[in-house]
There are 2 protein chains.
Amino acid sequence: MPATTRPAASHSKNPGSQSALRHLNQQRLIECLLSGPATQAELSRQTGLSTATVSNIVKIMQGAGLVSTEPVTSSGRRALSVRLNSQGAVAVGIDFGRRHLRVVLASLGYQVIAEETVTLPLGHHAEEGIAAAVELLDKLLRQNGVERRAVVGAGAGIAGPIDRRSGTVAQGAILPEWVGFQILERLERALELPVYVDNDANLGALSEVTWGPHSGVSDLMFLKIGSGIGAGLIVNGAPYYGAVGITGEIGHATIHEYGAICRCGNRGCLETVASTSTMLELLGKSAGRSLEPQDIVRNALAKDPATLRVIDDAGLAVGRALGNVANLIGPEVIVVGGPLAGLGETLLGPIRRGLVRHAVPVVGETTTLTMSSLGARAEALGAAALVFQHAGISSG
Amino acid sequence: MPATTRPAASHSKNPGSQSALRHLNQQRLIECLLSGPATQAELSRQTGLSTATVSNIVKIMQGAGLVSTEPVTSSGRRALSVRLNSQGAVAVGIDFGRRHLRVVLASLGYQVIAEETVTLPLGHHAEEGIAAAVELLDKLLRQNGVERRAVVGAGAGIAGPIDRRSGTVAQGAILPEWVGFQILERLERALELPVYVDNDANLGALSEVTWGPHSGVSDLMFLKIGSGIGAGLIVNGAPYYGAVGITGEIGHATIHEYGAICRCGNRGCLETVASTSTMLELLGKSAGRSLEPQDIVRNALAKDPATLRVIDDAGLAVGRALGNVANLIGPEVIVVGGPLAGLGETLLGPIRRGLVRHAVPVVGETTTLTMSSLGARAEALGAAALVFQHAGISSG
């Protein structure tokens with residue numbers, strides 16, 4: 001039971017059964033309050049919880065700034081009306097990229113209060129990234145008049161797998177300088193906030209079912225195609241982390257048994273044939289100069305044949321890997337994100353052909369494949385959603 | 001929330017939020033009662049539910065024969081003690097195979113009351129299978145003095161995918177005569193019981209975490225290698241069905257892009273290289289006679305080189321597909337079942353090599369691979385467990 005509601009792969013507090021129960025009960029109250037203020041007696045009726053339990057949880061939530069209460073008269077009797085604080089509870093979302101840092105401030109109900117991105121040097125160490133995050137967060141809070149005590153917590157996204165057992169960045173990260181770093185502990189100390197850490201693809205998935213257009217979807221996969229390829233899974237409505245917190249490593253699906261050596265140590269992984277790095281390497285050779293992901297998008301829109309062919313081959317390989325995924329876990333929606341999202345149908349087309357070619361027919365027919373509309377904001381927004389999820393606010 | 005506790009892919013009743021809430025609350029009461037009888041006041045304290053809610057649910061459970069109550073004195077006051085009926089609630093588990101039918105009667109706490117298997121002709125129609133099930137169930141109930149009103153429901157396993165939207169057996173079933181058959185509706189009418197239907201691999205997975213040695217495991221995959229290859233998934237402690245109820249179709253992972261045509265319509269699927277049918281076809285040619293799965297086990301134990309080679313090749317291919325699976329969903333345990341389970345390490349060895357070769361290193365290292373100890377009983381026991389799951393009794 002706690003496992004299904006635990007929102008973060010690697011938060012340091014281990015929820016015992018008592019706190020898991022309180023968390024579950026708090027979530028039920030919040031779900032009721034999302035449709036408007038209610039008295040404690042009404043909350044008790046709607047949830048089946050005793051009035052003493054409701055009153056206890058309301059006190060705790062009030063202390064945390066999540067709700068405020070107001071004495072009212074209901075059916076001629078004195079009662080306490082409870083309402084969610086949309087301004088009082090702010091979540092911080094941080095996206096640590098290879099060359100950028102993005103911070104958003106979000107309020108309850110999924111409203112962005114502030115958002116800013118700064119550039120970081122390629123190959124920067126984790127400590128530099130964290131120092132920049134502390135500085136940017138302080139600036140945003142100050143500029144927008146948000147008090148620190150209103151901040152519920154911070155979510156942080158990393159372009160790499162997080163080992164849930166140790167709270168460290170695991171081998172295989174796109175940020176090799178961060179591998180082995182105690183990201184969770186270090187960030188909690190620097191920000192002086194409860195911190196939840198997750199990888200970029202998981203946060204992309206979470207942002208699609210919270211901020212994005214797929215909020216009713218309970219089984220969704222977010223596929224990020226960038227210099228690495230990774231997937232985030234929403235399973236039964238919640239992010240899914242597997243046994244040790246490492247899931248969605250579709251970038252390391254074997255495509256060519258004797259293909260190129262991958263950074264993971266295996267051969268012929270999907271990343272070696274379909275990442276933006278591979279595409280840029282192939283196209284850069286013939287162009288005679290170094291290219292950027294946005295060049296792929298621009299040249300494809302200009303109908304450059306080599307670019308279109310490289311996209312087609314990459315898309316088919318991605319589709320093949322997705323076909324196997326769809327056969328295994330049957331997601332309702334697969335959302336493709338990352339720097340190539342601007343390609344739209346030019347990339348989705350070959351992915352769809354590959355998917356249909358390799359999936360069991362009924363699975364291929366029933367899986368919706370679409371491009372993310374959240375762009376480069378997906379990870380930071382997902383990081384903020386992770387905080388609300390942990391606070392028990394799972395719907396916007 | 002309801003999605004995570006929904007036990008059956010294809011039960012006809014659609015749980016609304018009220019019944020889902022009652023089901024959730026009932027499950028919490030049952031979890032408390034599994035450690036022994038308790039008064040209604042104690043149940044209220046332990047769950048945070050109001051005494052009115054507890055009293056209501058206890059009445060409903062009493063009506064269903066799940067619990068019995070007894071007036072007691074607690075701290076000098078009159079109270080009602082509630083206890084789970086281990087004898088009063090019986091689940092039926094039915095396993096429909098290609099050539100057999102197995103029925104088990106199980107009581108609460110996962111005790112087998114009776115169990116029997118009968119042979120059915122190869123290629124029999126679904127109606128024959130159902131008629132045989134009705135007859136065998138009546139006989140077992142009569143012989144063991146179990147009253148019909150004590151039966152909570154029946155679970156049924158089919159060697160093929162179930163389309164959750166329609167409650168029918170989907171294309172790709174090992175029982176081609178059953179495809180398109182309204183299994184759920186027809187079985188409910190014939191047995192006059194609430195029925196829950198699932199495919200054999202899902203039930204194998206469920207039996208491993210209920211009857212089997214992996215009851216503490218929340219993320220498990222059960223891989224059945226037979227004339228077809230399919231997997232059942234336990235995700236966050238519950239069977240996982242994806243968007244349309246078709247998951248675990250690892251038998252159709254592409255191994256050879258231009259390999260043999262598979263019964264699913266694709267090419268080079270895992271089944272075309274590693275199913276028992278393929279192994280038997282390869283070995284039968286050189287043996288000059290038709291072989292059975294038990295011949296593979298016997299000849300392998302006798303160290304027949306061709307048999308060992310065929311097992312090795314099949315195992316490596318299975319391991320490759322499992323590597324991709326483990327990368328994606330990171331199960332804690334993968335259990336291998338089916339008619340070759342008797343091969344033990346002879347089959348597990350190459351599967352493990354393939355898994356480690358194709359998984360991201362940390363995933364390969366942390367995934368436990370083991371042989372099922374439940375043998376041919378896995379599906380029928382899992383079918384009985386499905387009934388208890390639906391009744392809200394998820395732990396044994």
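This is a predicted model: local features need pLDDT of at least 70, side-chain atom pairs count only at pLDDT 80 or more; totals for chains, interfaces and linings use all residues.
Local features need pLDDT of at least 70 and side-chain atom pairs count only at pLDDT 80 or more, while totals for chains, interfaces and linings use all residues. Side-chain values use heavy atoms, with hydrogens and water left out.

When superposed by least squares on the C-alpha atoms of residues with pLDDT of at least 70 in both, chain B can be laid on chain A with an RMSD of 0.1 Å, by a turn of 180° and a shift of 0.1 Å along the axis. The two copies are thus related as by a two-fold rotation axis. The same surface serves both, since 100% of the contact residues of chain B (contact meaning heavy atoms within 4.5 Å) recur in chain A.

The interface can be summarised as follows.

| Item, chain B with chain A | Value |
|---|---|
| Residues in contact | 54 of chain B with 54 of chain A |
| Area buried between them | about 4,700 Å² |
| Salt bridges | four |

Buried area is the accessible area (1.4 Å probe) that two parts lose on being put together, summed over both, and 54% of it here lies on carbon and sulfur atoms. Asn236(B), Tyr240(B) and Leu328(B) supply 14% of the area that chain B buries against chain A, more than any other three residues. A salt bridge (a side-chain nitrogen of Lys or Arg within 4 Å of a carboxyl oxygen of Asp or Glu) joins Glu257(A) to Arg320(B), with the closest N and O atoms 2.9 Å apart.

Leu328(B) is also among the residues in contact with Ile250(A), leaving aside the neighbours of Ile250(A) within four places in sequence.

Technical notes: Residues are numbered from 1 along each chain as its sequence is written. Chains are lettered from A and ligands numbered from 1 in the order in which they are written.
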